[in-house]
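Dear colleague,

Here is the structure I promised to pass on to you. Please look it over first, and then read the notes below alongside it.

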Amino acid sequence: MRKIKVFDTTLRDGEQSPGCSMNLEEKLEMARQLDALGVDIIEAGFAIASPDDFRSVEAISRTVEHCTVASLARCTKGDIDAAWNAVKGAKYPRIHVFIATSDIHMEYKLRMTREQVLASIAEHVAYAKSFCDDIEFSAEDASRSDWAFLAHCCETAISAGATTLNIPDTVGYSTPDEMFALITYLREHTPGIENCDISAHCHDDLGMAVTNSLACLRAGAAQVECTVNGIGERAGNAALEEIVMALKTRRDYYQMECGIDSRQIYKSSKLLSNITGVPISPSKSIVGANAFAHESGIHQHGVLANSLTYEIMKSTDVGIPQNSMVLGKHSGKHALKDRLIQLGYEVTKEELDEIFIRFKALADKKKSLNDADIEALALSKTRSFVETYKFLGHVITTGKDTSNIASVKIRVGDETREEVAIGTGPIYASFKAVDLITGIDATLDDFSLDAVTEGEDAIGEAVVKLGYNGEQYTGRGLSTDVIEASILAYVNGINKIAAVI
Ligand code: KIV
Ligand code: ZN
């Protein structure tokens, strides 16, 4: 069995995609989960991009215990300095240097000749190497580059000290056969490549990111770059969970293994969706709500007779909880803690106290709480940022042919403030009342409301995306009362804005 490395770029390429931005706390929580998932390398960000990006890469470098931490850098000394300063505290630091190598990118984006690009690779990979042993070089738009020139770029990067060569299909244009042939060509035409890891980095514009990545691995790539839930620029990157489960389920065919603990997949996927507020499509492979559901009678009959008739994987292999136990309003903190641990959520004492308060409030409204309820509570734990505004309560007057009036009460420091507003609907009226209290003028870019558990007393989760000063902030709220969930989400988003102004 060949052991391949999993390079996760959820926090860099993934976070770059619209609606997926995360704050420092959220990135750290995700990075810890990626560490527990067993990825080999976390690309923690693009340190030069902003002071916030730098701080997150630096904090992740100091936090994760097992994996290598990489920061992206263009071929400039300033980028490389920032990348190194951000990752140097990591146990295993990596600098990831890139430059475009396709004619179209060199001519129109870089305005550089082939010779200038080669010189830049030689200079900047060597500069990065002066700080760090572990250097990844990426040839952006590699799949649309001239193959002979690409091989020359790779050879130059190797001579300057690169230890990993990444071959991105940046615009998701290639087919699996082409990616297989390209990796094979590079292996045959690049002196020194046998001492480097070849890496695949495929985008999903034509829906082939995962198959293209697997083709690269079959052609000899030693590393695969991917994101949880396949988030990323445009149509996204190759989905980590799909690659990992393809390798595991078709071990007989691929003859490869990786260090991922597949039972952490579901939790990683849920956590990311919860943090970003980007829902997972029900039919999404591996982690979608329907991925393991058998609806038709014929399938159900087959599965009951012998699960292998229609099941190629077990839901437990990816860590989907089995809904085995219910808790109720008489359950104590110990029972809640035990259940959280069984579901894979290690919580601190403070977190447990906070979840327990919400557990009790929910148990007062719902007779019994199943695994999905407990998981929803765990995922929506208040992340430790300053809670400037604490929602205390609301009263709504609503109905057909009448004004929607909301009165909202919020604690600010030691003071309790209350405001009343009229809106086109009860939720909008509530948001306006919150605005009157906080004075923060954010735009409501997106709002969604979903039932996250089943049944008549399902928990509703509201997600808001708030725009402020060119940045987007995600707020979440959870309650069996949809208006309360919406106000909680709105206040949660406003608190994130308040934390940075
Ligand atoms: O898609 C791409 O080419 C990239 C590189 C910067 C690695 O993300
Ligand atoms: Zn990319």
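For what follows, axes are lines fitted to C-alpha atoms, for helices over the stretch in contact, and angles run from 0 to 180 degrees between N-to-C directions. Helices (H or I, at least four residues) and strands (E, at least two) are DSSP runs, numbered from the N terminus. Please keep in mind that this is a predicted model, in which local features need pLDDT of at least 70 and side-chain atom pairs count only at pLDDT 80 or more, while totals for chains, interfaces and linings use all residues. Residues are numbered from 1 along each chain as its sequence is written, chains are lettered from A and ligands numbered from 1 in the order in which they are written, and side-chain values use heavy atoms, with hydrogens and water left out.

Helix packing

Two packed helices are described by the angle between their axes and the distance between the axes. Helix H9 (residues 209–218) packs with helix H10 (residues 240–249) at an angle of about 50°, and their axes are 10 Å apart. The two helices H9 and H10 are therefore oblique to each other, given that angles under 35 degrees count as roughly parallel, over 145 as roughly antiparallel, 65 to 115 as roughly perpendicular and the rest as oblique. On the H9 side, Val210, Ser213, Leu214 and Leu217 meet Glu242, Ile243, Ala246 and Leu247 of H10, where contact means heavy atoms within 4.5 Å. By class, the contact of H9 with H10 has six nonpolar residues, one polar and one charged (Ala, Val, Leu, Ile, Met, Phe, Trp, Tyr, Cys and Pro count as nonpolar, Asp, Glu, Lys and Arg as charged, and the others, Gly among them, as polar).

Helix H14 (residues 333–342) has two helix contacts to describe. With helix H16 (residues 371–379), H14 packs at an angle of about 90°, with the axes 10 Å apart, and that makes H14 roughly perpendicular to H16. Leu336, Arg339 and Leu340 of H14 make this contact with Asp371, Ile374 and Ala378 of H16, and the residues involved divide into four nonpolar, no polar and two charged.

With helix H15 (residues 349–365), the axis of H14 comes within 11 Å and the crossing is at roughly 110°, which again makes H14 roughly perpendicular to its partner H15. Here Lys333, Leu336, Lys337 and Leu340 of H14 touch Leu352, Asp353, Ile355, Phe356 and Phe359 of H15, and the contact of H14 with H15 divides into six nonpolar, no polar and three charged residues.

Sheets

Strands of a sheet pair through backbone hydrogen bonds, either parallel or antiparallel. Three strands form an open sheet in the order E12-E13-E14, with antiparallel pairing (two strands pair if DSSP finds at least two bridges between them). The edge strands are E12 and E14, each of which pairs on one side only, and the twist averages 20° from one strand to the next. Helix H18 (residues 482–500) packs on this sheet and touches E12 and E13, its direction making about 145° with that of E12.

Strand E12 (residues 389–397) and strand E13 (residues 404–412) pair over eight bridges, with Val395 having Ser407 as its bridge partner in E13 and Gly393 standing opposite Lys409 in E13. The hairpin of E12 and E13 has six residues between the strands, and in it Asp401 takes a positive phi near 55°. Nine bridges join E13 to strand E14 (residues 415–423), and the hairpin of E13 and E14 has two residues between the strands, with Gly413 taking a positive phi near 60°.

Another open sheet has three strands in the order E15-E16-E17, and its pairing is antiparallel. Strand E15 (443–451) and strand E17 (471–479) stand at the edges with a single partner strand each, so one side of each is left without a neighbour in the sheet. Nine bridges join strand E16 (residues 460–468) to E17, and Leu466 stands opposite Tyr473 in E17.
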